[in-house]
Amino acid sequence: MNRNVTFRWLRPLAIGTIACAATVARAQDPGDMAGDEAPPAGERADPRWTMPAPPPRAPPRDWPAKPGEASICLWRDDKMLAFSITIDDNSAPDIPWWIEMGNQYGFRFTWFIITRRVGTAFGGTWEQFRKLVEMGHDVQSHTATHNAGSMTIEDEYRLAIEDIEKNIPGHRVRVLAYPGGAAVRRRRGQPYVNNDVEVAAKYYIGARGAGGQTTPAIGMPYLRTGRGAGIFDHERWTLNSFLNPGHLNYRGWHIVIYHTVSAARQRTGIEEGLRRVKEHEADIWVGLFREVVMYARQRDAATLKVDRADAREIVFTLTDTLDDAIFDLPLTVKVRLFDAWQGVSAQQAGKPVTARIVEHEGARFALVEAVPDRGRVTIRPAAH
Ligand SMILES: [Zn+2]
């Protein structure tokens, strides 16, 4: 993948200027999720990046033509697009409501927390965040102090990981949401330390950026994704646009950012959105931010090889070039089955793995969940 193409298309690096809440007071303003503030003079974007060039187009769903042929699905479970809900600045008073929404619709959300604010009324308690992780939600880094200038950017990124992993035993921090508010702080003469993608890359496998664009599936900028607003109800992010091969959003990743959502009207709107997603779950992968970026990185680094395919079994090997201690998520591999196979059972290195059958134009395919570098995968026919 030509990274330059991707970065030219993306918005200029404006992570120091996003309107993400810099203080509790700002965080409580529901309008805070609006777009970027204009960067102050001297922080103007590299002009080469302001000429939009489209990202590489995502392919449609692949349907391998011959029995025994296989391919890695663009998204988990061969969904058309990916979707993540992220919640910034701890926003602790809303946690019970989000838990209720998660339970009601079966979705999981990502909290990007400012670790040194835990223990305040708006910052929540470690007990709350432990509970969220136990429930399958995710708690990741929004730095230690929201870049408030008391420490270096390296410490902001590093200490947030330490804080979370110390207070939520067994939990791992892999991703970051860059704090915004630099422009506001400078205007007010308050200290602020700038974000740094290179430093972030030392500590994180992915980071949510500031640009208000859909994150492309192909050529994904792992360390500065886009982010948007609204659950497929915003003009720029309708569900149709993600399903339309002619649209820039096609098969992309819609990442929604929330701060405080205390207003009844706002909660009603979010719930309508969650219902919409539920209705279209066959096409939408609702994943944690960490999972989606990990899936994309593994998929982009993976090699799939079918070792054997005959009427008795299909065997493939899935490898990647990444650190197996971190990148351990299953990828979905689609395998065209022999016509006589009604059902399948699948194993990786002798252990059962999930495989489900889908049909397309009279042919059957197995969607097999396999982790790269964890051994050969064998698929055998089984009773339907
Ligand atoms: Zn923030």
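The legends below accompany close-up views of a predicted model.

**View 1. The chain as a whole, shown for orientation.** In this predicted model, the chain is built from ten helices and 16 strands. Of its 384 residues, 43% are buried. Among the contacts with a separation of 6 or more, 73% are made by residues 24 or more positions apart.

**View 2. The largest nonpolar core and the residues at its centre of contacts.** This core holds 80 residues, of which Leu81, Val333, Val335, Ala366, Val368 and Ile379 touch the most other members. Helix H10 (residues 289-301) supplies the largest share, six residues, and the core draws at least three residues from each of domain 1 (3-59 + 79-295) and domain 2 (300-382). Apart from this core lies another of five residues, including Ala148, Ala182, Ala183 and Val193. As a general background to such views, nonpolar side chains in soluble globular proteins tend to be buried together.

**View 3. The surroundings of Leu81.** When residues up to four places away in sequence are left out, Leu81 touches Trp75, Phe242, Arg251, Gly252, Trp253, His254, Asp283, Ile284 and Trp285. Leu81 is also one of the residues that touch the most other members of the largest nonpolar core.

**View 4. Helix H5 and its buried side.** Helix H5 (residues 153-167) has 15 residues and reaches 21 Å from its first C-alpha to its last, which is close to the 21 Å expected at 1.5 Å a residue. Its buried residues are Glu156, Tyr157, Ala160, Ile161 and Ile164. These residues lie on the same side of H5, because they cover an arc of only 125 degrees around the axis. The spacing can be read against a general rule: an α-helix has 3.6 residues a turn, so residues three or four places apart point the same way. The elements covering the buried residues of H5 include strand E4 (138-141), strand E5 (175-177) and helix H7 (197-203).

**View 5. Asp138 in strand E4.** Asp138 lies in strand E4, and it counts as buried because 24 other C-beta atoms lie within 10 Å, where 20 or more are required. Leaving aside neighbours within four places in sequence, Asp138 is in contact with Arg108, Thr110, Trp111, Val133, Leu288 and Arg290. His171 is 33 residues away from Asp138 along the chain, and the C-alpha atoms of the two are separated by 9.1 Å.

View 6. Strand E12 (residues 343-348) pairs with strand E16 (residues 377-382) in the antiparallel sense over six bridges, and in E16 the bridge partner of Ala346 is Ile379. Ile379 is also among the residues that touch the most other members of the largest nonpolar core. Three bridges join E12 to strand E13 (residues 351-353), again with the strands running antiparallel, and here Gln348 has Lys351 as its bridge partner.

**View 7. Two residues with positive phi that are not glycines.** In the hairpin of E12 and E13, which has two residues between the strands, Ala349 takes a positive phi near 50 degrees, although Ala349 is not a glycine. Ala349 counts as exposed, because it has 12 C-beta neighbours inside 10 Å and the limit for an exposed residue is 12 or fewer. Asp77, also not a glycine, has a positive phi of about 60 degrees and lies in the loop between strand E1 (70-72) and strand E2 (81-88). With 17 other C-beta atoms within 10 Å, Asp77 is partly exposed.

Key
Residues numbered from 1 in each chain as written. Predicted model: local features only at pLDDT ≥ 70, side-chain atom pairs only at ≥ 80, totals over all residues. Core = buried A, V, L, I, M, F, W, Y, C linked by C-beta atoms within 7 Å. Helix = DSSP H or I, 4+ residues; strand = E, 2+ residues; numbered from the N terminus. Domains from an automatic or database assignment. Contact = placed C-beta atoms within 7 Å. Expected span 1.5 Å × (residues − 1). Arc of directions from axis to C-beta. Pairing = 2+ DSSP bridges.
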